[in-house]
Amino acid sequence: LGFRSTGLLAVTLPATATPQSAAALRDVLGRTPGIEGAASSDEVPGRNPAGQNEAFTTGSYPSPVLIRMNAVDAAFFDVYRIGLLAGKITSGGTTVDANADKSVVLDRTAAKLLGFAQAEQALGANIKSADGKFARVVAVIDRVRQETAHAEAAAQLFYLNDGNFGAGAVLTLHASDLPQARKAVQTAWQRLFPDDVVTMDTVDAYLAEHYKQDRMVGGLIAAA
């Protein structure tokens, strides 16, 4: 997979969440004893095997490359313990201004498909999406796999987005005591989102369900 799944609790924000209330939840839980890290993203890695994909090109490699996209904050790579191959991942990325150039992180597969033989060669490069918008590569990470076992591993791109996660986003907590972390989430949730039902589970549980469904599909195909 290329990322850690054990010891992680994923909390899906409700439709009523705003960037401000999402940040408040993260701040409260980040100060909770036993919670060692918190990261925001648009999805739990591996929970959605299809994902969102878009074609990208570079100036030196004009052939379109289909890449899976996710929005994450800078802490995401530490919380999920994803190996850094080149560059530096820091806070400051944003997707608030839709016309601004974005800072992105590529995985090793995406970098190679875009024509960068070495991870360091991708740093500072501008890549262009199918809608004509540019993004700047600030780091390259090791290969990440979110697809099913029956699908080819896709190239991965992560937009750095700090402070703009709201409704439907995922807050992932790295906790030494998961039951205690669940209690902390319930307490904070009741104060911030009193009219919404909390949705949370471990990343391991989400992945187990994902693999279960994949095996069922594989069995149906084999029986056909």
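Let me start with the contacts. Take pairs in the protein chain that touch and sit at least 6 apart in sequence: 79% of those contacts join residues at least 24 apart. Keep in mind that this is a predicted model. The chain has 224 residues, and 46% of them are buried. Its secondary structure comes to six helices and eleven strands.

Now helix H5. It covers residues 178–192, which is 15 residues. From first C-alpha to last, H5 reaches 21 Å, close to the 21 Å expected at 1.5 Å a residue. Which residues of H5 are buried? They are Ala181, Ala184, Val185, Ala188 and Trp189. Look down the axis of H5 and these buried residues fall within an arc of 130°, so they line one face of the helix. Turn to the face away from that buried side. There you find the exposed residues Pro179, Lys183, Thr187 and Gln190.

A side-chain oxygen of aspartate 177 comes to within 3.1 Å of the backbone nitrogen of glutamine 180.

H1 has twelve residues, which should span 16 Å at 1.5 Å a residue. Its end C-alpha atoms are 16 Å apart, which agrees. The buried residues of H1 are Ser21, Ala22, Leu25 and Leu29. They cover an arc of only 105° around the axis, which puts them on the same side of H1. They pack against S2, S10 and H5.

Next, strand S8, residues 134–141. Alanine 139 lies in this strand. Is alanine 139 buried or exposed? Its relative accessibility is 0%, so alanine 139 counts as buried. Leave aside its neighbours within four places in sequence. Alanine 139 is then in contact with Leu84, Ala86, Gly87, Lys88, Ile89, Val104, Val105, Leu106 and Leu123. Alanine 119 is 20 residues from alanine 139 in sequence, and their C-alpha atoms are 8.2 Å apart in space.

Alanine 153 is found between strand S8 and strand S9 (155–160). Again leaving aside neighbours within four places, alanine 153 is in contact with Arg143, Arg145 and Glu147. From alanine 153 to threonine 109 is 44 residues in sequence, but 8.6 Å in space, C-alpha to C-alpha.

Now a backbone point. Most residues other than glycine have a negative phi. Arginine 81 has a positive one, near 50°. Where is arginine 81 found? In the loop between helix H2 (76–79) and strand S5 (84–87). Arginine 81 is also exposed, with a relative accessible area of 58%.

Last, empty space. Rolling a probe the size of a water molecule over the atoms shows where it is left. How many cavities of 30 Å³ or more does a search of the whole structure find? The search finds one. The volume of this largest cavity is about 40 Å³. Its lining is made up of Ser41, Glu43, Val44, Pro45, Asn70, Val72, Phe76, Gln146 and Phe158.

Key: Residues numbered from 1 in each chain as written. Predicted model: local features only at pLDDT ≥ 70, side-chain atom pairs only at ≥ 80, totals over all residues. Heavy atoms only, no water. Helix = DSSP H or I, 4+ residues; strand = E, 2+ residues; numbered from the N terminus. Expected span 1.5 Å × (residues − 1). Buried < 20%, exposed > 50% of the residue type's maximum accessible area, 1.4 Å probe, protein only. Arc of directions from axis to C-beta. Polar contact = N/O pair within 3.5 Å; in protein donor to acceptor, adjacent residues only side chain to side chain. 1 Å grid on protein atoms, 1.4 Å probe; cavity = no way out; pocket = protein on both sides within 12 Å on 5 of 7 lines; lining within 4 Å. Points joined across faces, edges and corners; volume = space filled by probe spheres on them. Contact = heavy atoms within 4.5 Å.
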